[in-house]
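Hi,

Here's the structure I promised to pass along.

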Amino acid sequence: MRGETTLWNPGCDHAGIATQVVVEKKLWRERGQTRHDLGREAFVREVWTWKNEYTHAIVRSVPDSLAAQPDGDGAEPVDLAKAHRQYGVYTGILRQKLGLQVIELAADEGLPRSVLVEDAAVIQGDTALISSIKKVLEELKMRVVEVTDDGATLDGSDVLFTGREFFVGISKWTNHRGAEVVADAFRDFAVSTVPVTGSSHLKSFCSMAGPDTIAIGSSEAAKKAMRSMEQLTDHHYDTLTVPDDPAGNCVYVRLGPKGCALLHRSPEEFPSSLLPFQKLADLTLIPAACSEVAKLGGTLSSCSLLINKKLDR
């Protein structure tokens, strides 16, 4: 950002350079301006606006077949009526409190886990890396990249984008070839892999809780993943540690000039994890419950795909 000539070696140099490149291209394409025209402080504000401000959310309705899909032996069955109520509250928050245009896909009775729509795509900027839901993303005029490697497995809930780089969880759901697909689709950013044990996704216990803040659970698996991310990055991230792993998944959204909001798990579900969030004084805190989809491994972020896309008029 100082205007000096440098060599950027992806994965080895500063992760923030990738962000700078993307936002500079956007500024020039939309306004014919450079970062020098804006000045450093205004440019930094532009970066964080780009990263966390959204216009649309894609969700999928709850199928009745969800009730027959407990995750694992002896798991508590899904309360379908409660799942519908929680879904209604969630989509209401997206529309009314976050001001998003919600695109609601029809329930898929044949694929009950499809309600976890985040797993169907990885979206950043104008690019959508997908395994399904192609049509709606093309209607939003996204650059759609399909996963064509039959040996690649990839769930969006394993992909954490920090605004500077990608961390991809290598888990039951996502393999190294899936991570390579992410790296190929988003070449402007460093992509690092993080081992995830058990049946969890990477974002089962972590997420972004601010521009440079990672919310993280307290289990050994969560701590191990956080140590891996710290070793893999050259950027310092603040951490917000919560007692309960599921509460580590939240949704950070910029509300334009009105400030920022954080959608987090409700205190009725995880009362011990409320206090850490209350320390984030600059954010509007919005509690939401997702106990029923959580029985299938779902999280708050897995119930929607957030997009920043201004459609052509």
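Leaving out residues up to four places away in sequence, Ser302 touches Val115, Leu116, Val117, Glu118 and Ser157. Keep in mind that this is a predicted model. Ser302 sits in the loop that runs between α9 (291-294) and β15 (305-307). Is Ser302 buried or exposed? Its relative accessible area is 1%, so Ser302 counts as buried, the cut-off being under 20%. A polar atom of the Ser302 side chain also lies 2.8 Å from the backbone nitrogen of Thr299.

Next, the core. The largest nonpolar core has 28 residues, and those touching the most other members are Leu66, Tyr90, Leu94, Leu98, Leu263, Val293 and Leu300. Elements giving two or more residues to this core include α4 (80-97), β1 (56-60) and β13 (260-265). The biggest giver is α4, with five residues. As for Tyr90, apart from neighbours within four places in sequence, its contacts are Val59, Leu263, Leu300, Cys303 and Ser304.

Then there's a sheet worth a look. Three strands make up an open, mixed sheet in the order β3-β4-β5. Its edge strands, β3 (121-124) and β5 (143-146), each pair on one side only. On average, neighbouring strands in this sheet are turned by 20° against each other, ignoring direction. Between β4 (residues 127-130) and β5 the pairing is parallel, over four bridges, and Leu129 has Val145 in β5 as its bridge partner. Helix α6 (residues 176-185) packs on the sheet and touches β4 and β5, with its direction at about 160° to that of β4.

Cheers

Methods
Residues are numbered from 1 along each chain as its sequence is written. This is a predicted model: local features need pLDDT of at least 70, side-chain atom pairs count only at pLDDT 80 or more; totals for chains, interfaces and linings use all residues. Side-chain values use heavy atoms; hydrogens and water are left out. Buried means under 20% relative accessible area, exposed over 50%, partly exposed in between (1.4 Å probe, protein chains only). A polar contact is a pair of N or O atoms within 3.5 Å; within protein, one must be able to donate a hydrogen and the other to accept it, and residues adjacent in sequence count only if both atoms are side-chain atoms. Contact means heavy atoms within 4.5 Å. A nonpolar core is a set of buried Ala, Val, Leu, Ile, Met, Phe, Trp, Tyr and Cys residues joined through side-chain atoms within 4.5 Å. Two strands pair if DSSP finds at least two bridges between them. Axes are lines fitted to C-alpha atoms, for helices over the stretch in contact, and angles run from 0 to 180 degrees between N-to-C directions.
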